[in-house]
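Visitor: Could you take me through what can be read from this model, one question at a time?

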Amino acid sequence: SQIIPHAKTFAQGFYAIQKGIASADRVFEILDAEEVIEEKPNAIAINTFKKEVVYRNVGFQYANEPVLNGVNLTIEKGKLIALVGESGGGKSTMVDLLPRFYDVTSGEILVDGINVKDCKINDLRGLMGIVSQESILFNDTIFNNIAFGLHNVSEKDVIAAAKIANAHEFIMETENGYQTNIGDRGGNLSGGQRQRISIARAVLANPPILILDEATSSLDTESEKLVQNALANVMKDRTSIVIAHRLSTIQHADEIIVLKKGEIIERGTHAELIKIEGAYKRLQDMQSFE
């Protein structure tokens, strides 16, 4: 009777040690992994965006699986470009290549005539604000989540960004306002509120290029309308690349790009694509029916 409790404690301790070792192995495997995206020793500093982004004969593949094939696209400063098409068509991959989350396997991407592979990575990514479908938030205050990555940010600037993102009103209704802790991954907020915090962060960073990757697809209708209004405020006079499944949200785009199996099959304004009665028109009809 005296030995059994101690034996059980020893067995439990041994199990915990083995579990910790297995977890450490997985963590160190990631920490020790080689850097895939490398910066050239003589990389060019790029701090402004003046003219255009050009995709020139861009191809990409994961292992042996081709995702993009011969994509050519010019995105002029101040324009809103929308990417639409079926799942797996290469939309997200296409925007992930711009900030060099991956590198092209053929062709090149140019920002103001400079190949992105020749740019300093931090400078390149500093030109872009990304609002994805899944909000990346931290177990911290609303203020710190909006000001994340920036230094010496005033409360006045954070409030101004939140107002543009249609977030100020619900923030002031929380217990401690901008000092309210939102919990792990923003768990204390609704989906629409989390997205508007992410948008406020992008507004505060004030990037010249804004990338929206299905930023409203997981929201209910009311939340989507609030987020769409916020995005409309953000995209004014800004170069924007929007991935959208709900075509009603991108009808005002300067150019709509329809992707299928990694290739551009149609391009033009909403009115032009409806007129040719192709893939875009079929997508539009399916969503109207729904």
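Visitor: How many of the residues lining the second largest cavity are charged?

Guide: A cavity is a set of points on a 1 Å grid over the protein atoms alone where a 1.4 Å probe fits but cannot get out, and its lining residues have an atom within 4 Å of a point. Here the lining consists of Leu97, Arg100, Tyr102, Asp103, Val104, Glu108, Ile109, Asn115, Val116 and Lys117. With Ala, Val, Leu, Ile, Met, Phe, Trp, Tyr, Cys and Pro taken as nonpolar, Asp, Glu, Lys and Arg as charged, and the others, Gly among them, as polar, this lining divides into five nonpolar and one polar residue, and the number that are charged is four.

Visitor: At which pLDDT do side-chain atom pairs count in this predicted model?

Guide: Residues are numbered from 1 along each chain as its sequence is written, and side-chain values use heavy atoms, with hydrogens and water left out. Because this is a predicted model, totals for chains, interfaces and linings use all residues, local features need a pLDDT of at least 70, and side-chain atom pairs count only at pLDDT 80 or more.

Visitor: What amount of space lies in the second largest cavity?

Guide: The structure holds two cavities of 30 Å³ or more, where a volume is the space filled by probe spheres set on grid points joined across faces, edges and corners. For the second largest cavity, that space comes to about 40 Å³.

Visitor: Which residue has a side chain that meets Arg100 in a salt bridge?

Guide: Arg100, one of the residues lining the second largest cavity, counts as buried at 2% relative accessibility, given that buried means under 20% relative accessible area, exposed over 50% and partly exposed in between (1.4 Å probe, protein chains only). A search of the whole structure finds five salt bridges, each a side-chain nitrogen of Lys or Arg within 4 Å of a carboxyl oxygen of Asp or Glu. In one of them, at 2.8 Å from N to O, the side chain of Arg100 meets that of Asp103.

Visitor: How many residues apart are Glu108 and Arg56?

Guide: Glu108 is partly exposed, with a relative accessible area of 23%, and Arg56 is partly exposed as well, at 39%. The two form a salt bridge in which the closest N and O atoms are 2.9 Å apart. With strands defined as DSSP runs of E of at least two residues, helices as runs of H or I of at least four, both numbered from the N terminus, the pair links distant parts of the chain, since Glu108 lies in strand S4 (residues 106–111) and Arg56 in strand S1, at a separation of 52 residues.

Visitor: Which elements give two or more residues to the lining of the largest pocket?

Guide: A pocket is an open set of grid points with protein on both sides within 12 Å along at least five of seven lines, and the largest one has a volume of about 680 Å³. By class, its lining has 13 nonpolar, seven polar and three charged residues. Of the 23 lining residues, Met128, Gly129, Ile130, Phe148 and Arg201 lie nearest the centre, and the elements giving two or more residues are helix H3 (121–126), strand S6 (128–132) and H7.

Visitor: In which helix is Lys91 found?

Guide: Lys91 is buried, with a relative accessible area of 5%. Its contacts (heavy atoms within 4.5 Å) beyond four places in sequence are Leu83, Val84, Gly85, Glu86, Ile243, His245 and Leu259; Gly85, Glu86 and Leu259 are also among the residues lining the second largest pocket, which has a volume of about 150 Å³. Lys91 itself belongs to the helix of residues 91–97, H2.

Visitor: What percentage of the residues in the protein is buried?

Guide: The protein has ten helices and ten strands, and its C-alpha atoms fill a box of roughly 85 × 50 × 45 Å along the principal axes. Of its 290 residues, the buried ones make up 42%.
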